[in-house]
Amino acid sequence: MSESGHSQPGMYGQGRRRRRRRDRDVGPPGQNLSGPSRDRDYAPRERRDGSEEPPGPVLQKTPIILAKPPGERSKQNQNVPVSGAPAMEKPIVLIKAREDVGKPGTPPEQSPLSSGPGSSKLEREGQRPTQPVYQIQNRGMGAAASSGLLDLIGQTKLLSPEKMKHSIKLVDDQMNWCDSAMEYLRDQTDMLIVGVIGLQGTGKSTIMSLLSANTPEEDQRGYVFRAQTQEIKERGGNQTTGIDFFITQERVIFLDTQPILSPSILDHLINNDRKLPPEYNLPHTYVEMQSLQITAFLFTVCHVVIVVQDWFTDINLYRFLQTAEMLKPSTPSASHDSTGASGNDEGAEYYPHIVFLQNKARRDEFCPRNLKKMHMAVDKLMAHSHLKYKGTLSMLDCNIFPGLSRNYLETEVNLFLLPLQDNDGDDALTKAGAGTSPLFSLLPEYRGHPPFSSLVSKLRSQLLAMSRCQLSHTILTEKNWFHYAARIWDGVKKSSALSEYSRLLS
């Protein structure tokens with residue numbers, strides 16, 4: 001039956017047209033179409049199952065390929081299997097379409113040829129590495145495009161801060177705050193603030209220069225803190241006015257101050273008819289209040305305060321320190337209820353480390369017996385002070401007195417001795433050796449202490465190793481400390497306690 005024979009290859013419309021064309025050409029008119037048509041119908045079916053008829057022309061005329069774009073049609077023609085594949089293997093065309101979308105720049109000749117039922121699996125396995133490779137290449141291009149910006153940001157963070165060559169003003173001679181130090185500060189919290197106070201001519205600026213950036217062998221005219229020149233010494237003047245600022249590469253801030261209770265400043269006020277602020281009536285009251293303001297300011301914003309003196313000792317200096325401690329502004333706290341709840345006001349109040357530096361010490365002052373007496377005197381004078389004047393610095397740990405044990409000093413305070421500089425001792429040695437025999441002139445003079453440069457180095461090491469307590473209720477960076485110090489200085493100048501004390505003096 002011809003209808004049943006044509007119903008099996010119904011999906012192959014081309015074969016149906018081919019069989020009808022053969023029936024018209026071969027069969028004579030009037031012939032019964034039932035028998036011969038069945039024979040002719042099985043013959044093409046055998047040729048279609050075998051390998052005699054090439055499947056190329058048949059697949060090129062499929063409707064699916066005609067519906068695709070011309071670019072994809074050429075790719076599909078190259079991926080056609082050599083042996084005829086069943087119609088169910090055509091989903092490979094969909095996978096190739098996904099590959100074309102994911103890899104638009106892949107040329108047709110680079111795609112592998114696949115055949116058989118395993119071609120779909122091979123295409124899926126080959127598709128997996130292409131996606132991550134494409135993403136990695138994209139990331140590399142983005143990193144290369146932004147590498148210049150990242151390098152610039154990294155170099156900015158790793159750049160060393162600008163090195164200071166000389167000190168600048170933090171407070172000028174008119175007792176006004178200066179903002180020029182802000183450009184040398186950074187946003188980091190690892191810092192140490194060291195201040196110094198002392199009477200006139202004790203060597204404060206020289207000591208601070210040696211502790212910060214200079215060596216004893218350098219010329220004093222090149223020190224970061226300018227010392228007194230010979231002309232200023234002859235007329236009894238002072239070199240430093242206000243507060244000078246210097247920060248090292250190790251982020252240690254040094255604050256050099258004008259001399260406390262300075263007679264040269266008082267003489268300058270009297271002889272130059274300088275106008276005093278309205279709250280001060282007498283010049284000596286103004287000079288003392290300036291000294292108290294500077295000392296109270298250092299007690300609030302510094303980790304370490306060095307008290308320099310060139311002879312032992314002045315009782316009025318200790319009275320001055322206790323007065324400044326009394327007038328020191330209170331430490332700002334996060335809440336006023338914290339101290340009241342704890343019941344311990346001393347724990348919330350900040351007090352710095354204080355170091356007594358005996359400059360230009362003589363040989364007999366390095367004697368162990370005299371050293372012990374000096375420690376006992378300082379301990380009794382500072383017995384009622386809240387300043388941290390003991391337990392953080394020791395000359396016995398510096399191997400200066402190798403024969404003394406740690407228990408030799410019953411009450412060891414933060415006291416350090418510095419002799420005269422080596423150049424002064426060398427000059428004295430040269431003069432003394434001129435009239436002696438050549439043998440003794442070649443021997444070094446007995447000094448009773450290590451060299452000056454060695455003692456300065458040991459003092460610097462102990463100062464840098466001191467504990468850095470928190471100055472306020474929050475951790476301060478360098479820039480935050482600058483703003484905090486400016487607020488403290490403004491509060492010191494407007495302090496009601498200092499105003500009341502100046503009224504009592506006058």
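Modeller: Start with T240: its relative accessibility is 6%, so T240 counts as buried, the cut-off being under 20%. Bear in mind that this is a predicted model.

Biologist: Where in the chain is T240 placed?

Modeller: In a loop. T240 lies between α10 (230-234) and β3.

Biologist: Which side chains make polar contacts with the T240 side chain?

Modeller: The side chain of S205 is one, at 3.0 Å. The side chain of D256 is another, at 3.4 Å.

Biologist: And what does T240 touch, leaving out residues up to four places away in sequence?

Modeller: S205, R226, D256, T257, Q258 and P259.

Biologist: OK, on to β3. How many bridges join β3 to β4, and do they run parallel or antiparallel?

Modeller: Five bridges, and the strands run antiparallel. β3 covers residues 243-247 and β4 covers residues 252-257.

Biologist: Which residue in β4 is the bridge partner of F246?

Modeller: F254.

Biologist: Zoom out. What is the strand order in the sheet?

Modeller: β1-β3-β4-β2-β5-β6-β7. The sheet is open, has seven strands, and its pairing is mixed.

Biologist: Which are the edge strands?

Modeller: β1 (168-171) and β7 (415-419). Each pairs on one side only. From one strand to the next, the twist averages 30°.

Biologist: Helices next. Which strands does α13 lie across?

Modeller: β2 (192-198), β5 (304-309) and β6 (353-361). Helix α13 spans residues 315-327 and runs at about 160° to β5.

Biologist: What about α19: which strands does it touch?

Modeller: α19 (residues 452-464) packs on the sheet and touches β2, β4, β5, β6 and β7. Its direction makes about 155° with that of β7.

Biologist: Switching to α20. How many residues, and what is its reach from first C-alpha to last?

Modeller: α20 (residues 478-493) has 16 residues and reaches 23 Å. That is close to the 22 Å expected at 1.5 Å a residue.

Biologist: Which of its residues are buried?

Modeller: E478, W481, F482, Y484, A485, I488, W489 and V492.

Biologist: Why do the buried residues of α20 line one face?

Modeller: Because, seen down the axis of α20, they fall within an arc of 165°. An α-helix has 3.6 residues a turn, so residues three or four places apart point the same way.

Biologist: What covers the buried residues of α20?

Modeller: The cover includes strands β1, β2, β3 and β4. Helices α12 (283-301) and α21 (496-505) are also among the covering elements.

Methods
Residues numbered from 1 in each chain as written. Predicted model: local features only at pLDDT ≥ 70, side-chain atom pairs only at ≥ 80, totals over all residues. Heavy atoms only, no water. Pairing = 2+ DSSP bridges. Helix = DSSP H or I, 4+ residues; strand = E, 2+ residues; numbered from the N terminus. Axes fitted to C-alpha atoms, helices over the stretch in contact; angles between N-to-C directions. Contact = heavy atoms within 4.5 Å. Expected span 1.5 Å × (residues − 1). Buried < 20%, exposed > 50% of the residue type's maximum accessible area, 1.4 Å probe, protein only. Arc of directions from axis to C-beta. Polar contact = N/O pair within 3.5 Å; in protein donor to acceptor, adjacent residues only side chain to side chain.
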